[in-house]
Amino acid sequence: PPVNTLIIITALKKEFLLPTILSRCEIINLKEKGIEFTSEDISAFNDVLDVLFNGKIGDKLKIASDIVGNKEGVSVWLEKMSIFIREKVIQSPKDSRYFRLLRQLLKTHAVIQSTNVNQRIALENLFLSL
């Protein structure tokens, strides 16, 4: 490329890039912004979990609709819920529901991030599969 060209390569880990690429790059590590949970967040996520595991279909669809309408966005909600569920897995490693939910959350998040899927339908599919 011309001398005045700047190419920016992003990766989750520098180990994901070939050594020949790395040797020609200036590495800039960006810190990930930590997610803090308030007591209201914890209460809301626990309420959602209760509905997902024990609720009626209509209640699950309502949660999906509320999340899509939330100003934070579906992707942020899925990230926060994944972190919340990881803590549940650590606290209750024998409860397979949390493992299954975490797997489905991460899969749905990846689909939403990498495709042009309807986010509400993706959430509804996730919630109804539980």
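**Where H3 meets H6**

Helices H3 and H6 pass each other in a right-handed crossing. A crossing gets that name if the near helix is turned clockwise from the far one by less than a right angle, and is left-handed if it is turned anticlockwise. Before going on: this is a predicted model, in which local features need pLDDT of at least 70 and side-chain atom pairs count only at pLDDT 80 or more, while totals for chains, interfaces and linings use all residues. Residues are numbered from 1 along each chain as its sequence is written, and side-chain values use heavy atoms, with hydrogens and water left out.

H3 covers residues 57-69 and H6 covers residues 119-128. Helices here are DSSP runs (H or I, at least four residues), numbered from the N terminus. The axes of H3 and H6 come within 9 Å and cross at roughly 145°; axes are lines fitted to C-alpha atoms, for helices over the stretch in contact, and angles run from 0 to 180 degrees between N-to-C directions.

So who does the touching? On the H3 side, the contact (heavy atoms within 4.5 Å) is made by Ile57, Lys60, Leu61, Ile63, Ala64, Ser65, Ile67 and Val68. H6 answers with Gln119, Arg120, Leu123, Glu124, Phe127 and Leu128. Sorted by type, the residues of this contact are nine nonpolar, two polar and three charged. In that count, Ala, Val, Leu, Ile, Met, Phe, Trp, Tyr, Cys and Pro are nonpolar, Asp, Glu, Lys and Arg are charged, and the others, Gly among them, are polar.

Lys62, also in H3, is partly exposed at 49% relative accessibility. Buried means under 20% relative accessible area and exposed means over 50%, with partly exposed in between (1.4 Å probe, protein chains only). Lys62 and Glu124 are 62 residues apart in sequence, yet their C-alpha atoms are 9.0 Å apart.

Now stay on H6. At its start, a side-chain oxygen of Asn118 reaches to within 3.0 Å of the backbone nitrogen of Arg120. Further along, Ala122, Leu123, Glu124, Leu126 and Phe127 are buried, and what covers the buried residues of H6 includes H2, H3, H4 and H5.

Leu123 and Phe127 lead on to the largest nonpolar core, a set of 23 residues in which they, along with Trp77, Leu78, Met81, Ile85 and Leu105, touch the most other members. Such a core is a set of buried Ala, Val, Leu, Ile, Met, Phe, Trp, Tyr and Cys residues joined through side-chain atoms within 4.5 Å. In soluble globular proteins, nonpolar side chains tend to be buried together. H2 (39-54), H3, H4 (74-91), H5 (96-114) and H6 each supply at least two residues of this core, and H4 gives the most, with seven.

Ile85 of H4 is buried because its relative accessibility is 0%. Leaving aside neighbours within four places in sequence, Ile85 is in contact with Leu49, Tyr98, Leu101, Leu102 and Leu105. With neighbours within four places set aside again, Leu105 is in contact with Trp77, Leu78, Met81, Ser82, Ile85 and Leu126, and Leu126 brings us back to the buried residues of H6.

One last stop is His109 in H5, which is buried at 16% relative accessible area. Its side chain joins that of Ser75 in a polar contact of 3.0 Å. A polar contact is a pair of N or O atoms within 3.5 Å; within protein, one must be able to donate a hydrogen and the other to accept it, and residues adjacent in sequence count only if both atoms are side-chain atoms. Beyond neighbours within four places in sequence, His109 is in contact with Ser75, Leu78 and Glu79.
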